[in-house]
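Okay, thanks for coming, everyone. Have a look at the slide, and I'll walk you through how the inside is put together.

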Amino acid sequence: MSAEIVQLVEQAEPYLTAAVGAYGAAVLSRTESAAVDATANVGRRLLQAVWRRRDAQSRAALEEAVGEVADEPGDADAAGALRQQIKRALKEDAGLFSEVAALLRAAGGVSVNVSGTRAIGAQHIGIAVSGDHAAIHTPQS
């Protein structure tokens with residue numbers, strides 16, 4: 001699977017989670033709500049874009065994955081199944097990939113990927129101190 005697809009789905013995940021949390025399993029059929037935050041509305045648009053471009057069998061699988069996430073919001077396996085459905089759709093449809101990428105760019109979201117023991121990450125950072133015996137040293141006047 002393309003690294004670009006994996007990265008795009010990772011960027012989309014907070015939006016997907018917010019959308020399913022706000023709209024539940026009805027996220028695929030609901031219209032935008034002013035009462036729901038912008039993150040959830042981006043996730044709703046993303047899921048609906050995927051749903052519109054799938055055949056009947058793939059739509060059913062996507063609906064099932066969304067329903068499982070709605071029923072078990074903290075279940076990593078359910079979230080993984082939803083991500084897998086979206087990855088598959090993006091892999092099979094280059095136009096969908098472009099549409100989802102444009103949605104995420106328009107949302108202005110930032111993705112920071114961090115890995116490793118005691119790794120830190122931030123969009124904007126002044127000073128970051130990390131480690132067991134880390135200290136900030138300032139010059140003496």
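So, which residues of H2 are buried? Those are Ala40, Asn41, Val42, Gly43, Arg44, Leu46, Leu47, Gln48, Ala49 and Val50. Buried here is under 20% relative accessible area, exposed is over 50%, and partly exposed is in between, with a 1.4 Å probe and protein chains only.

Quick housekeeping: this is a predicted model, where local features need pLDDT of at least 70, side-chain atom pairs count only at pLDDT 80 or more, and totals for chains, interfaces and linings use all residues. Residues are numbered from 1 along each chain as its sequence is written, and side-chain values use heavy atoms, leaving out hydrogens and water. The helices are DSSP runs (H or I, at least four residues; strands are E, at least two), numbered from the N terminus.

Back to H2, residues 38–52. The buried ones pack against H1 (3–23), H3 (56–71), H4 (76–92) and H5 (94–107).

Now, the largest nonpolar core has 31 residues. That's a set of buried Ala, Val, Leu, Ile, Met, Phe, Trp, Tyr and Cys residues joined through side-chain atoms within 4.5 Å. Leu46 and Leu47 are among those with the most contacts inside this core. H1 gives the most to it, with 9 residues.

Last stop, Tyr15 in H1. Tyr15 is buried, at 10% relative accessible area, and its C-alpha atom is 6.1 Å from that of Val42, 27 residues apart along the chain.

Conventions
Expected span 1.5 Å × (residues − 1). Contact = heavy atoms within 4.5 Å.
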